[in-house]
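Q: I am new to this structure and would like a close look at a single part of it. Please take me through that part step by step.

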Amino acid sequence: MDNNLNWSVVRALFVAVLVISIATLGVAAVVGGTWVVWLRGAAVAAASVWLIALTGQAAGGKRAAYVRIRFVSIAAPIGIVLILLAPDSGYPMWMKAEQGVVGVLVAAVALIVNRRAVREAYPKGGKLR
């Protein structure tokens, strides 16, 4: 498996999350989003920028960046499912739909970065392959 291909796909998925998050903030500006919408939208956009930067580091062989991406790509979809299921989360349906799309994109990252070939390329305490 081509490790560079994996990281270009991961980067594209995180860029898509960033674009969707910025669009969400635009929708919030038009429809008058609550503070919860603004906070979540801004946090997801900021996290996307950070994850894009981490992707570059992981592609360059930094195990710590890879481990962070693995953790976030597993934890974030779980948190998003909780938001989607919560009856009184404060998020309007349009934002729950947006978060569902973001959750699918980040779950796709989890599938990519947790493949055996990718995990083996970042061994614990060993040299990168």
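In which kind of crossing, left-handed or right-handed, does α2 pass α4?

A: The crossing in which α2 passes α4 is left-handed, a term used where the near helix is turned anticlockwise from the far one by less than a right angle, with right-handed for clockwise. This is a predicted model, in which local features need pLDDT of at least 70, side-chain atom pairs count only at pLDDT 80 or more, and totals for chains, interfaces and linings use all residues. Residues are numbered from 1 along each chain as its sequence is written, and side-chain values use heavy atoms, with hydrogens and water left out.

As a setting for this part, the protein chain has five helices and zero strands, where helices (H or I, at least four residues) and strands (E, at least two) are DSSP runs numbered from the N terminus.

Helix α2 covers residues 35-59 and helix α4 residues 93-113, and the two pack at an angle of about 20° with their axes 12 Å apart; such axes are lines fitted to C-alpha atoms, for helices over the stretch in contact, and angles run from 0 to 180 degrees between N-to-C directions. Because of that angle, α2 is roughly parallel to α4, the word for angles under 35 degrees, while those over 145 count as roughly antiparallel, 65 to 115 as roughly perpendicular and the rest as oblique. On the α2 side the contact (heavy atoms within 4.5 Å) is made by Val-37, Arg-40, Gly-41 and Val-44, and on the α4 side by Trp-94, Met-95, Gln-99 and Val-102. Sorted by class, this contact of α2 with α4 holds five nonpolar, two polar and one charged residues, with Ala, Val, Leu, Ile, Met, Phe, Trp, Tyr, Cys and Pro taken as nonpolar, Asp, Glu, Lys and Arg as charged, and the others, Gly among them, as polar.

Helix α4 also meets helix α3 (residues 63-85), and the axes of these two come within 8 Å and cross at roughly 150°, which means that α3 is roughly antiparallel to α4. The crossing of α3 and α4 is left-handed as well. Among the residues that meet here are Tyr-66, Val-72 and Ala-76 in α3, and Gln-99, Val-102 and Val-106 in α4. In the contact of α3 with α4, 15 residues are nonpolar, four are polar and two are charged.
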